Amino acid sequence: MRSLSLGERNEAARRLFCDVAPLRLGGIDYEVAGGGVDLDLTAVRVGRRITLHGDGVAELRGPCQRCLAEAAVEVPVHCVDYVADGDSDAGDDEPYVRGYVLDLERWVRDALAEELPAQILCREGCRGLCVECGADLNEVGDDHRHGEPHEGAADGPFGQSGAATVK
């Protein structure tokens, strides 16, 4: 943080590239395109307190969670931390700032993880894979069907259509 050179000024800004290691979500690895994020870092000082803001956009790449095709999702990265006397003011067990040194990668990675969508998909409305044959339902069309249901399938609680039946 000392490299920001606040000096007599009470505000400093810098554009930094932050390396971000691949993320593992639900057992699947996703990489940040380009290996990291261009981050606009701003530090504002009031007395002995400093507020840090970081903003950027990351593109996460990896398999679609429904059909396994390549997916790329843009994720906004918004970081905020409050520093008092050289240490993060939040009282966390693992502060981002300790002794005026900012753990930039962990700060950005945690902010990125908080902004991830519930599912990473190749496209909005991805239909996934057929549970019987594994065909990509986005490619085979609406008329994709399999043979007759097994004998007695209609007698179960889900019937032939797969929907629950009420008697």
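Q: How many salt bridges does a search of the whole structure find?
A: The search gives 6 salt bridges. Keep in mind that the model is predicted.

Q: Which residue does Asp29 form a salt bridge with?
A: Its partner is Arg24, and the closest N and O atoms are 3.1 Å apart.

Q: And is Arg24 buried or exposed?
A: Arg24 counts as exposed, because its relative accessibility is 55% and the cut-off for exposed is over 50%. Asp29 is partly exposed, with a relative accessible area of 42%.

Q: What about Arg48, which side chain does that one meet in a salt bridge?
A: Arg48 meets Asp85, at 2.7 Å from N to O. The pair links distant parts of the chain, 37 residues apart.

Q: Where do the two residues sit?
A: Arg48 is in the loop between β4 (36-46) and β5 (49-63). Asp85 is in the loop between β6 (70-84) and β7 (87-88).

Q: How accessible are they, Arg48 and Asp85?
A: Arg48 is exposed, at 64% relative accessible area. Asp85 is partly exposed, at 44%.

Q: Which side chain pairs with Asp103 in a salt bridge?
A: Arg106 does, with an N to O distance of 3.2 Å. Asp103 has a relative accessible area of 32%, so it is partly exposed.

Q: Switching to Asp136, is it buried or exposed?
A: Asp136 is buried, and it has no salt bridge.

Q: Where is Asp136 found, and what is it in contact with?
A: Asp136 lies in the loop between α1 (104-115) and α2 (137-140). Setting aside neighbours within four places in sequence, its contacts are Cys67, Gly128 and Leu129.

Q: OK, the core. Which residues touch the most other members of the largest nonpolar core?
A: Leu52, Val77, Trp107, Val108 and Leu112 do, out of 33 residues in that core.

Q: Which elements give two or more residues to this core?
A: Those are β3 (28-32), β4, β5, β6 and α1. β6 gives the most, with 6 residues.

Q: And what is Trp107 in contact with?
A: Beyond its neighbours within four places in sequence, Trp107 has contacts including Leu39, Leu41, Leu52, His53, Cys79 and Tyr96. Asp81 is also one of its contacts.

Notes. Residues numbered from 1 in each chain as written. Predicted model: local features only at pLDDT ≥ 70, side-chain atom pairs only at ≥ 80, totals over all residues. Heavy atoms only, no water. Salt bridge = Lys/Arg side-chain N within 4 Å of Asp/Glu carboxyl O. Buried < 20%, exposed > 50% of the residue type's maximum accessible area, 1.4 Å probe, protein only. Helix = DSSP H or I, 4+ residues; strand = E, 2+ residues; numbered from the N terminus. Lys, Arg positive; Asp, Glu negative; His and termini not counted. Contact = heavy atoms within 4.5 Å. Core = buried A, V, L, I, M, F, W, Y, C linked by side-chain atoms within 4.5 Å.
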